[in-house]
Amino acid sequence: MTLTAGIDVGTGAVKAVIFRVEDDKEEWLSKCSLRIRSRDPMQLAREAFDQALEDAGVKEEDIDYVATTGEGESIPFHTGHFYSMTSHARGAQFLNPETGAILDSGALHGRAMIIDEKGKVINYKMTSQCASGSGQFLENIARYLGIAQDEIGSLSVKGDDPEEVSSICAVLAETDVINMVSRGISAPNILKGIHLSMASRLARLLKSIGVKDDVIMMTGGMGLDEGLCVALRESLAKMKGMDGATVVNHPDSIFAGAIGAALWGAFRYEKLAESGQLLKAS
Amino acid sequence: MTEKTVSEIVSRCEALYEDLYFNAAREWKAAKPGRKVIGFMPLYVPRELIHAAGMLPLGIMGGGDNLEVIHGDAYYQSYICRIPRSTIELGVSGRLDFVDGMLFPSICDVIRNLSGMWKMLFPDVYSKYFDVPQTYRDEIGGEFYTNEMREFLHDLEGIAGRKITDDDIRASIAVYNENRRAIAELYALRQSQPWNAPASEAYLVLRAGLVLPVEEHTQLVRDYVAAASAEQRPVKDNSRVVLTGMFCEQPPLNLIKSLELSGCYVVNDDFVLVSRWLMDDVPTEGDPVHNLSQAFLHRSMSTAAKYEPNEAEKGQFLVRQVRDANAEGVIFASTSFCDPALLDRPMMQNVLKAADVPFIAFKYAENSGQMQPIREQAGTFVDSIKLWSAA
């Protein structure tokens, strides 16, 4: 039996999970997510880890492997670090074993991956540096519109006449939105327009790495944005050769990176144990 | 005497590394009238001869990432690496105004051209293109190299104003042998306990040897080895890698730190190669110049700038480094536009493929600031080793 922790330090939030792995059984014991909001991510990682330990009813010294991912490589008490792409792939597969492709959309980037049946990343591509396809951009727009973050998705799906927004540049997109507000465009149509713009970018990303009729799991902070999921389905349906793809998400999509890290941590712990190089979480 | 801590030693080395006015060498020179400083560039010069002349060999590894190149760019085309530009910058900005001579070892055409520029820019400073043999047969390369060193000794005698005896050279060889042993101990520690002696610290300790008198540097290396061995730093589930291609233009410190943050234990490398070029003790009996020549021909390391006539042996030095260090992969990190490294790389990669050693490759410059792509590449490489390797 192996007890592992996964800690994912993202741009917007820190997520921690605890798993118990025995033979092929992977038991998810606890989870904790804390928004960063200008606080020290390293301190938050400690707090999230402590909370997850408490919720799981296990002590820190019982954890065999503390795996970090995202920006968590500087966490002093980690045993090993996994690159976020590797972790998200494995986490998405845990949340939905049918997953063939992953769209990790976070506060500052979007990343598309194709995986094999073992969770190994076969191909991937990231959005370029512009923030117009990111959660942070959407969060800024919501703030300008006076809309709470958790309302974004439900309002967006109500949009019936979306306005086109620049998908190239966040600055131009913000200017577009200001113009729309002054022209009296409704918030649902503005949000839907933004989601469609982001979705078209992400759909092109998926196509470029060879996604066809796969199950695409949405992960990262935007994984739960229903407006983005709907817009992505619409964009893919219009795209030649992509209409067989299925976009899914999961209530715990945001934890995909932490889950993947924890599960890879368990894998590594067992692999090291087999070769007699056992490491204990430090 | 109080033992120095790792933090104290590394802080001192970092201050020396960041000091682009080379104050440690200036102070050494000013401490006694008549002292001389001879600068040298990568890859290798026989520092023993400079030491035997009572002079300080000063390693000039370019300007790094803290030097703004203003004048240097005018001397080279845009498709040339950065080290010659920043070295010109160091020269024309007066940072090397205390240096009595400069050696430009044979490594590539760019450095050869730099030696000519130096002669024109600083006609009053001794400047030498230090040629090394590309034929490793005693009767050809050996004779050539011995003559080259004797010519250099003659020049040094002119600068020093005194004769340099064979005993002087033998004594200097002994001092550098001791330095090589200390550095070998440092690398042994890095291979046995990489968590206690990170590459980013070891690199700074090596760099200090470019500006300090060798005797002082040997003690510093030994102090670091003692202090680092006593540390109880946490062991991480990292991948052991050999880093290669950094033999001339040195990497920014942040690049090494980024590789370590990505999950690499760098267990061997080719940083500051002058300090490890000769792999073991040079005999202190007999003709010292002949001994230095023999060590160069038969007991020196292998790198892209060294011709390997035996096709079957090409790349095997790197494979042995991987095996000896129990490494799991190789990272080829080459300077942009580095002819020797980039021309050699495909051949080395073929050898690694045949030996079933995984590898990645990227390019850098001494002033590279954007580490995210490198972290991404190194991070996925480490993951692939940890999760998908056969071991």
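How many helices and how many strands are there in chain B? Chain B contains 14 helices and eight strands, where helices (H or I, at least four residues) and strands (E, at least two) are DSSP runs numbered from the N terminus.

The model is predicted: local features need pLDDT of at least 70, side-chain atom pairs count only at pLDDT 80 or more, and totals for chains, interfaces and linings use all residues. Residues are numbered from 1 along each chain as its sequence is written, while chains are lettered from A and ligands numbered from 1 in the order in which they are written.

**View 1. The open sheet of chain B.** Four strands form an open sheet with parallel pairing in the order S2-S1-S3-S4 (chain B); two strands pair if DSSP finds at least two bridges between them. Strand S2 (56-59) and strand S4 (126-130) of chain B are the edge strands, each pairing on one side only. Neighbouring strands of this sheet are turned by 25° against each other on average, direction ignored; axes are lines fitted to C-alpha atoms, for helices over the stretch in contact, and angles run from 0 to 180 degrees between N-to-C directions.

**View 2. Pairing of S3 and S4 in chain B.** Strand S3 (residues 101-105) of chain B runs parallel to S4(B) and is joined to S4(B) by five bridges. B:Phe104 has B:Tyr129 of S4(B) as its bridge partner.

**View 3. Helix H6 of chain B.** Helix H6 (residues 138-160) of chain B lies across S3 and S4 of chain B, at about 170° to S4(B). Its buried residues are B:Tyr145, B:Met149, B:Phe152, B:Leu153 and B:Leu156; a residue is buried if 20 or more other C-beta atoms lie within 10 Å of its own, with C-beta atoms placed from the backbone. The buried residues of H6(B) pack against helix H3 (47-52), S4 and helix H11 (288-298) of chain B. B:Gly161, with a positive phi near 75°, follows H6(B).

**View 4. The largest nonpolar core.** A nonpolar core is a set of buried Ala, Val, Leu, Ile, Met, Phe, Trp, Tyr and Cys residues joined through C-beta atoms within 7 Å. The largest has 114 residues, and B:Leu49, B:Leu58 and B:Val241 are among those that touch the most other members. Helix H8 (residues 199-208) of chain B gives the most to this core, with seven residues. Leaving aside neighbours within four places in sequence, B:Val241 is in contact (C-beta atoms, placed from the backbone, within 7 Å) with residues including B:Cys264, B:Val266 and B:Ile331.

Terms used
Contact = placed C-beta atoms within 7 Å. Buried ≥ 20, exposed ≤ 12 C-beta atoms within 10 Å, placed from the backbone.
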